[in-house]
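Please read each one alongside the coordinates.

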Amino acid sequence: MTGFLCRLAARSGSLRRCGAVVLWDQAHRPPSRLTPRGGAPLLSGGGAPLPGRSGAHSRTQHSEAAGPIEVDLKRLQGADDGIVEVLMCRHKARNALGHLFVSQMRELVSSLSDDSSVRVVIFRSLVPSVFCAGADLKERALMDNSESDLFVHSLRSLMTQIAMLPMPTVAAMDGVALGGGLELALACDLRTAAHSAQMGLIETTRGLLPGAGGSQRLPRTVGITLAKELIFTGRQVRGQTALEMGLVNRSVEQNQTGDAAYREALCLAREILPQAPIAVRLAKEAMNRGIQVDISSAMAIERMCYARVIPTRDRQEGMAAFIEKRPPQYTGE
C-alpha cells in the first residue's frame, strides 16, 4: 500500500482552482474546523456565475501539500443559510473516486457531522454532464489485490460516513452516476436527477460486484427483485426511468446551463430548511434505525426519538406559532 501511495503522490499535480474557489493557507486555521475562503461566487462547471448566489461563501480545510482540490465545500447565506453544498470538481477524471478525491471527501463530510448549524447538505458536481463516473480505473490498475481490497473498504466506509450524517442529504445528478458514483448518491437520503442523467451499478460488467454499499442500499431503495435485475445485468437507466423505479425522488428536464437537477435539489433543500432542525434530524434517525429492525423495536426507537424532541425550545415555538397563527421561527434549540 505504501508503494502505491508513493507512486500516486508522484503523479499529483500542482495546486489548482476549482471554479472560482480560492484556497486559504492551512497554517491560519486549526485542522478540525472549516474556515471561510473569500466571498466570490462559484462558477458552474467553469461557466457563468450561478444566479442569485452572491451571498454564498466557499470553505475548505485542505492544505497546499494535499494537492489539487477535488472536493470542496460551499455554505449558502442569506435566506439559504443552513444549506451546505459538497462540490465535486475533479474535472480531468470526471470525479472518479481516486485516493485524493476520497480523502478530501472524507475530511469534509467529517467536518459536517457535528455542525449543528448545517440543516441540509447537497452533493453536486461542477463537472459538466457528470455526477461521478465511479472508480478511478487508472489508479486501480496500479494496486495489487490487497491494496484494492483496502481501498474498496475505504470507499465503503466513506459511503457509510455520508449515510450517517445527522442532517438530510440530497444528491443532485445532472449527469453520469455509475458504479461508485451511484453508490455515493444512494448513501444520500434524497436524490434528484435530470431526465438525461445516466445511472447504474455496472460492476458486473467489469467482473466485480458493487462494493461500496450498493448491493445493500439499492435493494432497500427500489426493492430486492428490481435491484437484482439492475445489478445482475449492469443496466444503466436515465432520470425519468429512475423516477418510475423509485431510485430518485425527482426528475426534471435538463436546462441550458446543465444544472437542472441541482436547482431541483436546492428547491427540495429550501422546503426542508424552514422545518424544526432537531425534529428533522431525529426523524431521520428514527427512520434509519427503525428500518433495520422489526416493527416492535422500531416503535421503541420512535418513542425514544420523540422523547428527545419534547423538551426542545423548537417544539415550544412550534406550538406557540400554531396558536398565534404565525410562521414558526426555529433556532435548533
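1. Lys 325 counts as exposed at 79% relative accessibility, where exposed means over 50% relative accessible area, buried under 20% and partly exposed in between (1.4 Å probe, protein chains only). Lys 325 is placed in the segment after H12; helices (H or I, at least four residues) and strands (E, at least two) are DSSP runs, numbered from the N terminus. The phi of Lys 325 is near 55°, a positive value in a residue other than glycine. Most residues other than glycine have a negative phi.

2. This is a predicted model, in which local features need pLDDT of at least 70 and side-chain atom pairs count only at pLDDT 80 or more, while totals for chains, interfaces and linings use all residues. Residues are numbered from 1 along each chain as its sequence is written, and side-chain values use heavy atoms, with hydrogens and water left out.

3. Regarding confidence, pLDDT is the predictor's confidence in each residue, from 0 to 100. The protein has a mean pLDDT of 84, and 80% of its residues reach 70 or more. Over residues 1–55 pLDDT stays under 50, and the model has 111 contacts beyond four places in sequence for them, a contact being heavy atoms within 4.5 Å. Residues 60–65 also have pLDDT below 50, with 25 contacts in the model beyond near neighbours in sequence. Where pLDDT is low, the predicted coordinates should not be read in detail.

4. Arg 94 is a residue other than glycine with a positive phi, of about 55°. Arg 94 lies in the loop between strand E4 (83–88) and helix H2 (99–113). With a relative accessible area of 41%, Arg 94 is partly exposed.

5. Which side chain makes a polar contact with the side chain of Asp 136? It is that of Arg 90, at 2.8 Å; a polar contact is a pair of N or O atoms within 3.5 Å, where within protein one must be able to donate a hydrogen and the other to accept it, and residues adjacent in sequence count only if both atoms are side-chain atoms. A polar atom of the Asp 136 side chain also lies 3.2 Å from the backbone nitrogen of Lys 138. Asp 136 sits in the loop between strand E6 (130–132) and helix H3 (137–140) and is buried, with a relative accessible area of 8%. Apart from neighbours within four places in sequence, Asp 136 is in contact with Arg 90, Ala 96, Leu 97 and Gly 98.

6. The axes of helix H4 (residues 145–163) and helix H5 (residues 180–187) come within 8 Å and cross at roughly 25°. H4 is therefore roughly parallel to H5. Met 159, Ile 162 and Ala 163 of H4 make the contact with Gly 180, Glu 183, Leu 184 and Ala 187 of H5. Axes are lines fitted to C-alpha atoms, for helices over the stretch in contact, with angles running from 0 to 180 degrees between N-to-C directions; those under 35 degrees count as roughly parallel.

7. In helix H6 (residues 214–222), the residues Gly 214, Arg 217, Leu 218, Pro 219 and Val 222 are buried. Their cover includes H4, H5, helix H7 (224–233) and helix H8 (239–245).

8. Gln 316 lies in helix H12 (residues 313–324) and is partly exposed, with a relative accessible area of 47%. Gln 316 and Tyr 330 are 14 residues apart in sequence and 9.7 Å apart in space, C-alpha to C-alpha.

Key:
Parallel < 35°, antiparallel > 145°, perpendicular 65-115°, else oblique.
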